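Q: I am new to this structure. Please show me how its features may be read.

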Amino acid sequence: MAQGRTILCGFWYLVCARKLLSLSIFIGALGLGLLIWPHDQNLLEKLHFWPEQQEKTAQNIAYFLGTWGDYPTYNLPLAILIWLYGAWTKSSAWRRIAIICFLGATLAGLFDDCFRLTLGRPRPDAHLRDGFYGIAYTFQGKFQSFPSGHAAAVFGTAAALLVVDFPLGLLTTAYALAVIWARMELYRHYPSDVIVGSIIGLYFGFMIGYGAKLRIPREVWKAAS
């Protein structure tokens, strides 16, 4: 608990100290999403270039990645496994990495859900007119397309680990890229969904990772809070 609180304090201090950067990133993500939005359907179709037999194989792989690339099936178990490894080896450093991994995915996912569960964009496989249908529809799974929750969570973990354990971060980044491909391969998300979700994940992951490295004097933290 103490380690988690310290990491969150560093994260929040960094966010407060970089308000303009944070605002610019989110405005840029929104602008990029709006720029891609009119071309989403065309870009999505271009991703499905496999011959028929290979397409079936690709969808099977995508289904596996989509199933084992979600928060409860990937991010949370990964954090638990790292923490258990740290406990087994009596390494406080690994236990700290596990907490960073968990917080990066969790904060990114929660922030993403603020929009995914209110905007109500239909998924590609819903075969509905594209648009934002609002909060009245969003508790139906087919209206939770934008931004991608998978993308936010997997990149929240990957970015945090890139900061605190680069080799493990590279592996999780490769897996994150495979997961967002899978979500588009299965027609669960448009390109703009996964791009904006990935930016959200990268932001929270990097901020948690670098925030965890801060050593903030107590008097400075009190003044900032």
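This is a predicted model: local features need pLDDT of at least 70, side-chain atom pairs count only at pLDDT 80 or more; totals for chains, interfaces and linings use all residues.

Q: At what angle do helix α4 and helix α8 pack?
A: Helices are DSSP runs of H or I with at least four residues, numbered from the N terminus. Axes are lines fitted to C-alpha atoms over the stretch in contact, and angles run from 0 to 180 degrees between N-to-C directions. Here α4 (residues 52-67) and α8 (residues 166-185) pack at about 120°, their axes 8 Å apart. The two helices are therefore oblique to each other; angles under 35 degrees count as roughly parallel, over 145 as roughly antiparallel, 65 to 115 as roughly perpendicular and the rest as oblique.

Q: Which residues make the contact of α4 with α8?
A: Contact means heavy atoms within 4.5 Å. On α4 the contact includes Glu-55, Ala-58 and Ile-61, and on α8 it includes Tyr-175, Ala-178 and Trp-181. The residues of this contact divide into nine nonpolar, two polar and three charged. Ala, Val, Leu, Ile, Met, Phe, Trp, Tyr, Cys and Pro count as nonpolar, Asp, Glu, Lys and Arg as charged, and the others, Gly among them, as polar.

Q: How do α7 and α8 cross?
A: Their axes come within 7 Å and cross at roughly 165°, which makes α7 roughly antiparallel to α8. Among the residues that meet are Val-154, Phe-155 and Leu-161 in α7 and Leu-170, Ala-176 and Ile-180 in α8. By class, this contact has 14 nonpolar, five polar and one charged residues.

Q: Where do α6 and α9 meet?
A: The axes of α6 and α9 (residues 191-213) come within 8 Å and cross at roughly 145°. Residues of α6 including Ile-100, Gly-104 and Phe-111 meet residues of α9 including Gly-197, Gly-201 and Phe-204. The contact of α6 with α9 divides into nine nonpolar, five polar and two charged residues.

Q: What is the volume of the second largest pocket, and which residues lie nearest its centre?
A: Rolling a probe the size of a water molecule over the atoms shows where empty space is left. On a 1 Å grid over the protein atoms alone, with a 1.4 Å probe, a pocket is an open set of points with protein on both sides within 12 Å along at least five of seven lines, and lining residues have an atom within 4 Å of a point. A volume is the space filled by probe spheres set on the points, which are joined across faces, edges and corners. The second largest pocket has a volume of about 230 Å³. Of its 15 lining residues, Asp-70, Asp-113, Arg-116, Gly-149 and His-150 lie nearest the centre. The largest share of the lining, six residues, comes from α6. By class, the lining has four nonpolar, five polar and six charged residues.

Q: Which residues does the cis peptide bond join?
A: The bond joins Phe-146 and Pro-147, with omega about -15°. Pro-147 lies in the loop between α6 and α7.

Q: What is phi of Lys-90?
A: Phi of Lys-90 is near 55°, a positive value in a residue other than glycine. Lys-90 is found in the loop between α5 (71-88) and α6.

Key: Residues are numbered from 1 along each chain as its sequence is written. Side-chain values use heavy atoms; hydrogens and water are left out.
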